[in-house]
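Reader: Please take one part of this predicted model and go through it closely. I would like the ends, the geometry and the charged contacts in one connected account.

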Amino acid sequence: NNHKTQNYVNQTIEKMLSTDVEIQATQDGKTLPVTKKDEQYSVASNIDEKLKKELSEFAKEASKTYSAYMQSDSSMAAIRKYFATDTEFYENIRTSEVNFVLDHEGYGFEDVKVHSIQKFSDKLYSCHVTLTQVLKRGGTKYRDYYNKNVFIYVDGDDMVVINLQSTEEKQ
């Protein structure tokens, strides 16, 4: 199984809990930009712009496919296009029964966004993805909010999701 080994890149964040100082982060002796949005700090990773775009698009499509599957609007064949089949996470998806699904005639997605991309090693990245899945039933639209870190294993030109981790739910 190629997807179990993880090598992490150390980033040091100075004075993270202090409220009156400028936050600084370093990686391998280099200063990295830190941004603050809505009381949440993000550290920029040194990731090639082309790879960032590819990771972002892949994470968005994988997230939409997973969301559709969880509402019985997609198949395991579609899941296998994005998710590593030799992980515990995939096995959980494959063996879970999707029982609590709102009957609906159609669905779509709104506000699909990647908020940050983190590099853990040359092969392991995460993308923070949010989206709103809109289920249509009669004349009513029901919204389901998705807010997850998508962990992606990269090997050359190949990418696979190895895990999803829920983050703070939208209120």
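Author: Ser72 follows helix H1 and has a positive phi, near 60 degrees. At the N-terminal end of H1 the cap is Asp48, with a side-chain oxygen 3.1 Å from the backbone nitrogen of Lys50. The helix itself covers residues 49-70. Its 22 residues, at 1.5 Å a residue, should span 32 Å, and the end C-alpha atoms are 31 Å apart, which agrees.

Lys50 also takes part in a salt bridge: its partner is Glu54, and the closest N and O atoms are 3.0 Å apart. Both residues lie in H1, four residues apart, about one turn of the helix. An α-helix has 3.6 residues a turn, so residues three or four places apart point the same way. Lys50 is exposed, because its relative accessible area is 59% and the cut-off for exposed is over 50%. Glu54, at 34%, counts as partly exposed.

A second pair in H1 is Glu61 and Lys64, three residues apart, again about one turn of the helix. Their salt bridge has its closest N and O atoms 3.1 Å apart. Glu61 is partly exposed at 31% relative accessibility, and Lys64 is partly exposed at 22%. Buried means under 20%, so Lys64 at 22% does not count as buried.

The structure holds eight salt bridges, including the Lys50 and Glu54 pair and the Lys64 and Glu61 pair.

Note on methods
Residues numbered from 1 in each chain as written. Predicted model: local features only at pLDDT ≥ 70, side-chain atom pairs only at ≥ 80, totals over all residues. Heavy atoms only, no water. Helix = DSSP H or I, 4+ residues; strand = E, 2+ residues; numbered from the N terminus. Expected span 1.5 Å × (residues − 1). Polar contact = N/O pair within 3.5 Å; in protein donor to acceptor, adjacent residues only side chain to side chain. Salt bridge = Lys/Arg side-chain N within 4 Å of Asp/Glu carboxyl O. Buried < 20%, exposed > 50% of the residue type's maximum accessible area, 1.4 Å probe, protein only.
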